[in-house]
Amino acid sequence: MLDLTGKNALVTGIANNRSIAWGIAQQLHKAGANIGVTYLPDDKGKLEKKVAELVEPLSPSLFAPCNVQDDSQVEALFNTVKEQWGKLDILIHCLAFANKDDLSGGFVETSRDGFQLALDISAYSLIKLCAGAKPLMTDGGSVVTLTYLGGVKVIPNYNVMGIAKAALEMNVRYLASDLGPSNIRVNAISAGPIRTLASSAVGGILDMIHHVEKVAPLRRTVTQLEVGNTAAFLCSDLASGITGQVVYVDAGYEIMGMS
Ligand SMILES: NC(=O)c1ccc[n+]([C@@H]2O[C@H](COP(=O)([O-])OP(=O)(O)OC[C@H]3O[C@@H](n4cnc5c(N)ncnc54)[C@H](O)[C@@H]3O)[C@@H](O)[C@H]2O)c1
């Protein structure tokens, strides 16, 4: 049975009720996990308030800021986890960012700054968060990150984010190898396109969704809660033999040729 009772799960990347991380947090909570939530701090504290209100029904026992570009915030986050929980079992990395300008038009126009920004936030951050989590995963642990097909195949407009996802997927393999001896598993979910704040920055996202609805074996896209179910499975003992993998939750779209 899928049971996460007694597990401490830290979820990053909730911005609003469309966020994939919100779907994951709900399913981890449903499976019995003790939930901690991070939010991206802003000057006016608007996102903090919004996320706090959204996650209230999950009664999170930890709520902390974390901008993954700021090492001191990441260190402070894991100090808080240590003080409040003592140990960590589950880490959900569900965040990404690229400049909107770099998510449409010619890939060859990608700037050095835009490339570094996308790779730093969307790929390097997984390494940094795993480094913070490792000493706290004293009973072993499970890390899940979110990727997209655009890291493996060329998808119109996905551009620099495709490069970031390729790096992220390779991070998963190196981290799985590095952390496996500590019984820490690291996997990625490659989700089909879902309308969210982040995906709306990618040029033509609605066309992508309509295309998937026509072509995918299940003739539809997926929901945040379906992604959440797979994350809960990967974080549970039912997946104790799975690490270093990219699991597609995309209504089957990835298998299709001539699509
Ligand atoms: N929506 C899709 O179609 C889709 C498909 C496959 C994979 N994904 C991936 O799922 C993940 C979540 O995205 P989403 O679609 O739910 O969108 P979202 O906008 O709801 O979530 C993105 C999150 O990233 C956070 N973030 C951005 N910069 C940050 C920083 N510097 N530090 C900390 N947090 C930061 C934002 O606050 C936000 O919570 C991303 O990795 C995305 O690439 C999305």
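In which helix does Ala167 lie? The views below come from a predicted model, in which local features need pLDDT of at least 70 and side-chain atom pairs count only at pLDDT 80 or more, while totals for chains, interfaces and linings use all residues. Residues are numbered from 1 along each chain as its sequence is written.

View A. Ala167 lies in helix H5, where helices (H or I, at least four residues) and strands (E, at least two) are DSSP runs numbered from the N terminus. Ala167 counts as partly exposed because 18 C-beta neighbours fall inside 10 Å; a residue is buried if 20 or more other C-beta atoms lie within 10 Å of its own, exposed if 12 or fewer, and partly exposed in between, with C-beta atoms placed from the backbone. Not counting residues up to four places away in sequence, Ala167 touches Leu119 and Ala123, a contact requiring that the two C-beta atoms, placed from the backbone, lie within 7 Å. The C-alpha atoms of Ala167 and Tyr124 are separated by 8.3 Å, although these residues are 43 apart along the chain.

View B. Lys165 is found in helix H5 (residues 159-179) and is buried, because 27 other C-beta atoms lie within 10 Å. Leaving out residues up to four places away in sequence, Lys165 touches Thr147, Tyr148, Gly150 and Gly151. Thr196 has its place in the loop between strand S6 (184-191) and helix H6 (205-215), and is buried with 21 other C-beta atoms within 10 Å. Beyond its neighbours within four places in sequence, Thr196 is in contact with Arg18, Ser19 and Ile20.

**View C. The shell around the ligand.** The ligand is surrounded by 27 residues, of which the closest are Ala15, Ser19, Leu95, Thr196 and Ala198; a residue is near a molecule or strand if its C-beta atom, placed from the backbone, lies within 6 Å of it. Helix H1 (20-30) and strand S5 (141-147) are the elements that give two or more residues to this shell.

**View D. The two sides of helix H3.** Helix H3 (residues 71-85) has 15 residues and reaches 21 Å from its first C-alpha to its last, close to the 21 Å expected at 1.5 Å a residue, the expected span being 1.5 Å times one less than the number of residues. Its buried residues are Leu77, Phe78 and Val81. They cover an arc of only 90° around the axis, which puts them on the same side of H3; the arc is that of the directions from the helix axis to the C-beta atoms. What covers these buried residues includes strand S1 (8-11), strand S2 (34-39), strand S3 (62-65) and helix H4 (112-133). On the other side of H3, Ser72, Asn79 and Glu83 are exposed. Just after H3, Gly86 takes a positive phi of about 80°.

View E. Most residues other than glycine have a negative phi. Arg219, in the loop between H6 and helix H7 (224-235), has a positive phi near 55°, and counts as exposed with 11 C-beta neighbours inside 10 Å. Met258, in the segment after strand S7 (246-249), has a positive phi of about 50° although it is not a glycine, and is exposed, with 4 other C-beta atoms within 10 Å.
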